[in-house]
Amino acid sequence: LTSHELDTVSRTSALGIYADSRLKLGHTKRKMVGIKSASKLSASKKRFSQQSAVILLLIITLLLVIPSLVLVTKLTNSPERDHHNIRANDALEKDDHSQRRNTKKNAEKNPERGRAGPNEKIIDHRSPQTRHKTYPGFTNEASVVCGGHKAPSCDKCPQGNGRSWCNGECEWRGGGCVRSSKLEHIHPDYFRITDRYAFQPVMNQNSQYVNVIAVRSVFRGKDDEDVYKFYKDEILFLGISSFEAYPLTSPNPYSGKYESEYYLNMFPGFLHMMRDPNKHFPPNVETILMSQSDFMLDGPERFGKRHVNDEKIYDFVYSGGDQDVANDCVGWASYNKNFSFVREALEVMCSPEFNVTGVLVANKNKAGTKACTIPAACDGKIVQTSFLDQDTFFGYLAKARWAFLPQICDASPRVSTNALSMDIPLLMNRNIMGGWKYLVPGETGEFFHDMNTDFKDSLRRIIDNTRGKNNPYRPLEFVKKNYGNVITGRRFLEFVKQHWGDRVTFPHETTGLIPVFS
């Protein structure tokens, strides 16, 4: 072959080799593209699987966390914590079912705590929506009684001395000093309020305090009214007859004056002693014929039974309160006990016609050196004493045939029911403001109206009936049927439940309410 032909063959061979190589290269590229496409598809599937796993994990997490948060919330607001509970207002009536179930479980564990009746709710008094506020005047005062001392709170009571210093309003529980479970039904500031004379605590028959305060007199402290207005939506305040003519204006010239309407319309309800309450109370005030002297009669009854065989050496006993002996029994207490009438009556009683013997209690100064003047005809017949403690007073009553109650300005004469509980009848002024309901003529004693009309006749009847062997009076039987903690306490509870059952939570098994007085 010529060189030209050789060159042509070479080029042709080279082109064939080149074409073949290009063909192989194209095939290789197509194969690599297929591999890359498959890799991309595989990666895409992998990323989808990872995203699905993340989403599934989030869903599972939410399903676990949400119930946990609900449980924590319920435990945080659970009545099992040591707190003061009150009924919720209407705004909280839509509480969820789980919280009610939790409250029920807690009540089963400890029936004294968190208990509610039908359609009643219990909420944490310290929860955000019901956290109580303290009256500004109380902010610098020790808030709890630890027993023999006070402290800002129960946890401060021990002062390093352990459970022995945790008493009073507190109790040792769970290794620490906490608020007493007996007090959980009342407002945390309850005893700060009842430290003031006008405000009286209320218990149930088991000596457990309830979130009710009885207002027994006109306000005495300079800010008593402010205290009442500050707490009136968190504590049920009710008026109670116990002092002079309260809530009416007192006729006593030695007493402070106020408009009757001021207290008649002050509280949502009143335990009164009036014969016709509708003449005085406005329609918006709920009333019940009930007074302080209706309660706490077990003590005098027991005393009377222990001394039932004591010799009767006096016809009567008259309780003068704490008389104004320095002024010859002219003053505030003497007016309330109508001592001016007693002097007039003694002229008759000590006369030969009646020839009575008796005891004038609190008619002598505490030193025993001076007594109020009485008619000379009473010398040797009438004993005058200083102010007496209760048992000594009961001792004189046990030796007397009847009790003399000549007073008018007396809303709730305890001596009347004390005497009746000792089976001793009464000679009572028909004009008395309170206590008239205890007198049933011929059964619990005798009424008189005044000296000029019927005093002598009533005096003669009670003397003859009690000096003779056939005494017709049955005072103890009467008082046991109508008064005392059980009977009156039940009526008091029903009164509160009927009108304010949505405002007060009662300790478990409460059957009666009792105003506590000193």
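Predicted model: local features only at pLDDT ≥ 70, side-chain atom pairs only at ≥ 80, totals over all residues.

Visitor: What lies over the face of Y197?
Guide: R216 does, at 4.1 Å from the ring centre. The charged end of R220 also sits over the ring of Y197, and there the distance to the centre is 3.7 Å.

Visitor: Okay, switching to charges, how many salt bridges does the count come to?
Guide: The count comes to 18 salt bridges.

Visitor: Which residue does R173 form a salt bridge with?
Guide: The partner of R173 is E171, and the closest N and O atoms of this salt bridge are 2.7 Å apart. R173 has a relative accessibility of 29%, so it counts as partly exposed, and E171 is partly exposed as well, with a relative accessible area of 21%.

Visitor: Where do K305 and E301 lie?
Guide: Both K305 and E301 belong to helix α6, which covers residues 298-306, and they are four residues apart, or about one turn of the helix. They form a salt bridge whose closest N and O atoms are 2.9 Å apart.

Visitor: Why is E301 called buried?
Guide: Its relative accessible area is 11%, and because buried means under 20% relative accessible area, E301 falls in that class.

Visitor: What about D328 and R343, how do their side chains meet?
Guide: The side chains of D328 and R343 meet in a salt bridge, at 3.1 Å from N to O.

Visitor: Which residues are linked in a network of salt bridges?
Guide: R196, D223 and D224 are linked in such a network.

Visitor: Now the surface: which residues make the nonpolar patch?
Guide: Y254, V330, W332 and Y335 make a nonpolar surface patch of about 390 Å². Of these residues, W332 is found in helix α7, residues 332-336, and with 33% relative accessibility W332 counts as partly exposed.

Visitor: Last topic, how many disulfides does the count come to?
Guide: The count comes to five disulfides. With bonded cysteines counted along the chain, their pattern is 1-3, 2-5, 4-6, 7-9, 8-10.

Visitor: What joins C146 to C157?
Guide: A disulfide joins C146 to C157, with an S to S distance of 2.0 Å, and because the torsion about the S-S bond is about -70°, this disulfide is left-handed. The pair links distant parts of the chain, eleven residues apart, with C146 in the loop between β3 (144-145) and β4 (150-151) and C157 in the loop between β4 and β5 (170-173). C146 counts as buried at 1% relative accessibility, and C157 counts as buried at 0%.

Visitor: And C154 with C170, is that link left-handed or right-handed?
Guide: The link of C154 and C170 is left-handed, with -80° about the S-S bond. Here C154 is in the loop between β4 and β5 while C170 is in strand β5, 16 residues apart, which links distant parts of the chain. The sulfur atoms of C154 and C170 are 2.1 Å apart, and both cysteines are buried.

Visitor: Why is the disulfide of C166 and C177 right-handed?
Guide: The torsion about the S-S bond of C166 and C177 is about 90°, so this disulfide is right-handed. The sulfur atoms of C166 and C177 are 2.2 Å apart. C166 counts as buried at 4% relative accessibility, as does C177 at 8%.

Definitions and conventions
Residues numbered from 1 in each chain as written. Heavy atoms only, no water. Patch = residues over 30% accessible without salt bridge, like charges linked within 9 Å, V, L, I, M, F, W, Y side chains within 5 Å. Areas by Shrake-Rupley, 256 points an atom, 1.4 Å probe, with all protein chains shown as cover. Salt bridge = Lys/Arg side-chain N within 4 Å of Asp/Glu carboxyl O. Helix = DSSP H or I, 4+ residues; strand = E, 2+ residues; numbered from the N terminus. Buried < 20%, exposed > 50% of the residue type's maximum accessible area, 1.4 Å probe, protein only. Lys NZ or Arg CZ within 6 Å of the ring centre and 35° of its normal. Disulfide = S-S within 2.5 Å.
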